[in-house]
Amino acid sequence: MVYRFSRKGDIMSAVVQLDKIKQNLIEYPNVRIIAATKYFNIDKMNELIDAGINEVGENRKDSFLEKYEQLKDKNLIWHYFGVIKIPPKLSTTFIDSIDYLHSLDSIDLANAINKTRKKPGKLKCFVQVNLSNNSNKTGLTEAKVIPFIKNLAKYEKIEVVGLMTIAEMTFDDEILEGYFKTLKELQEEVQSLKLPHAPCTELSMGMSNDYKLAIKNGATMIRIGTLLSK
């Protein structure tokens, strides 16, 4: 279900926040803003699109498909952040609607994508990395990332464009920077392998509370939701 609770004042506040974020990115022209639209209704999404947002992301399948259907004429780039559990079976409609998947973390999911995707070309995927080793979070541990990426070579429908992490919720900048620097180092290790199926040129890291630190440490995509929902 698409949420319907935003008002015009909320929308204007989101546009102001977006302008502030863009100002912070002036020295980082290659960083892309992905609007995490979990709590946004269509009116609010349209206002953000008018303000310059052309990449949006969801973490729930039903909301993703509903919003995609209503906004498919907007020429947006669609990101999916959520966990995809296998089984059940994936739908081709869902997988073919995703431009960037940020949560690839299992061979079972890779198999399902490869069997399900009918759209020409490869699905751009981020391998999700659990740097905090928190058992309550999804993603691969650091030690498993390289072997996992090597094992993806046989999947003709998957391209590993980068790595993604969700940093621990903390206000300790030193801890946050540690996560971001580690992911950057891991990205460089993947790139050094020169794997045709895994160029790994992107880093999806940083959200509303920590994106400034993330961009300083190599983020190329930041996932902003809370700031735009104020």
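This is a predicted model: local features need pLDDT of at least 70, side-chain atom pairs count only at pLDDT 80 or more; totals for chains, interfaces and linings use all residues.
User: What makes strand 6 largely enclosed by the rest of the structure?

Analyst: Strand 6 covers residues 158–164, and six of its seven residues are buried, so the strand is largely enclosed by the rest of the structure. Strand 5 (residues 123–128) pairs with strand 6 in the parallel sense over six bridges, with Gln128 standing opposite Met164. Strand 7 (residues 202–204) also pairs with strand 6 in the parallel sense, over three bridges, and here Met164 stands opposite Ser204.

User: Which helix does the chain pass through from strand 5 to strand 6, and what is the handedness of that crossover?

Analyst: The chain passes through helix 6 (residues 142–151) between strand 5 and strand 6, and this β-α-β crossover is right-handed. A right-handed β-α-β unit is also made by strand 6, helix 7 (residues 173–192) and strand 7.

User: Why is helix 6 called roughly parallel to helix 7?

Analyst: The axes of the two helices come within 11 Å and cross at roughly 25°. Angles under 35 degrees count as roughly parallel, and therefore helix 6 is described as roughly parallel to helix 7. The crossing of helix 6 and helix 7 is right-handed. In their contact, Glu142, Val145, Ile146 and Ile149 in helix 6 meet Thr182, Leu186, Glu189 and Val190 in helix 7.

User: How do you know whether Lys194 is buried or exposed?

Analyst: Lys194 has a relative accessibility of 71%, and because exposed means over 50%, the residue counts as exposed. Lys194 lies in the loop between helix 7 and strand 7, and its phi is near 55°, a positive value in a residue other than glycine.

User: Why is Cys200 called buried?

Analyst: The relative accessibility of Cys200 is 0%, and the cut-off for buried is under 20%, so Cys200 counts as buried. Cys200 lies in the loop between helix 7 and strand 7, and it has a positive phi of about 50° although it is not a glycine.

How values were computed: Residues are numbered from 1 along each chain as its sequence is written. Side-chain values use heavy atoms; hydrogens and water are left out. Buried means under 20% relative accessible area, exposed over 50%, partly exposed in between (1.4 Å probe, protein chains only). Helices (H or I, at least four residues) and strands (E, at least two) are DSSP runs, numbered from the N terminus. Two strands pair if DSSP finds at least two bridges between them. A crossover is right-handed if, with the strands pointing away from the viewer, the path from the first strand over the helix to the second runs clockwise. Axes are lines fitted to C-alpha atoms, for helices over the stretch in contact, and angles run from 0 to 180 degrees between N-to-C directions. Angles under 35 degrees count as roughly parallel, over 145 as roughly antiparallel, 65 to 115 as roughly perpendicular and the rest as oblique. A crossing is left-handed if the near helix is turned anticlockwise from the far one by less than a right angle, and right-handed if clockwise. Contact means heavy atoms within 4.5 Å.
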